[in-house]
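Hi,

Here is the structure I said I would pass on.

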Amino acid sequence: MRPSRGRPRASRRRSRGRRRPVSDAAEELCLAGNSVSTLVNQLVALGLLRREVDPADRRAALLHTTGEAVERLAAWRARRTLLVGEVVAGLSAEDRAALTAALPALHGVAGGLRGRPGESGRALTGTPVAEGRAER
């Protein structure tokens, strides 16, 4: 079974922290909680995530990446790094310089989007989400 396009990103997000509630994952990924729950179920079935009951709130689950997930993410990152390097190397010197000059501005745009009030919790459909659930 080949992972969907969203799985590397979701797993990548999980690898940044040891244990995370599903609601945090939903907010960080800007997805509705039920969408993330479905994705989590698929990742658990594939052996890429482990879910456990949060001892502080038995209604919530904490997510842990598995060793296999860490290995697969490292391999994915290595492939992406090589691919981007090859593509950038094929650009003209002028285009490479333009990309280099644009990087600080692109980082600023990305940070500004993530830090904008109400945007980090907005689902891809445009529906605001609170605590990992779509608002009604």
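This is a predicted model: local features need pLDDT of at least 70, side-chain atom pairs count only at pLDDT 80 or more; totals for chains, interfaces and linings use all residues.

Let's start with α3, which covers residues 33-45. Its 13 residues reach 18 Å from the first C-alpha to the last, close to the 18 Å expected at 1.5 Å a residue. Gly33, Val36, Leu39, Val40 and Leu43 are the buried residues of this helix. Looking down the axis of α3, you'll see these buried residues fall within an arc of 120 degrees, so they line one face of the helix. Asn34 and Ala45, on the other side of α3, are exposed. Just after the helix comes Gly47, with a positive phi of about 80 degrees.

Now the charged pairs: the count comes to three salt bridges.

- Arg50 pairs with Glu52, with 3.3 Å between the closest N and O atoms. Arg50 counts as partly exposed at 44% relative accessibility, and Glu52 counts as partly exposed at 26%.
- Arg59 meets Asp57 at 3.0 Å, N to O. Arg59 is exposed, at 77% relative accessibility, whereas Asp57 is partly exposed at 26%.
- Glu68 forms a salt bridge with Arg72, and their closest N and O atoms are 3.3 Å apart. Both sit in helix α4 (residues 67-89), four residues apart, which is about one turn of the helix. Glu68 is partly exposed at 37% relative accessibility, and Arg72 is partly exposed with a relative accessible area of 33%.

Cheers

How values were computed:
Residues are numbered from 1 along each chain as its sequence is written. Side-chain values use heavy atoms; hydrogens and water are left out. Helices (H or I, at least four residues) and strands (E, at least two) are DSSP runs, numbered from the N terminus. The expected span of a helix is 1.5 Å times one less than its number of residues. Buried means under 20% relative accessible area, exposed over 50%, partly exposed in between (1.4 Å probe, protein chains only). The arc is that of the directions from the helix axis to the C-beta atoms. A salt bridge is a side-chain nitrogen of Lys or Arg within 4 Å of a carboxyl oxygen of Asp or Glu.
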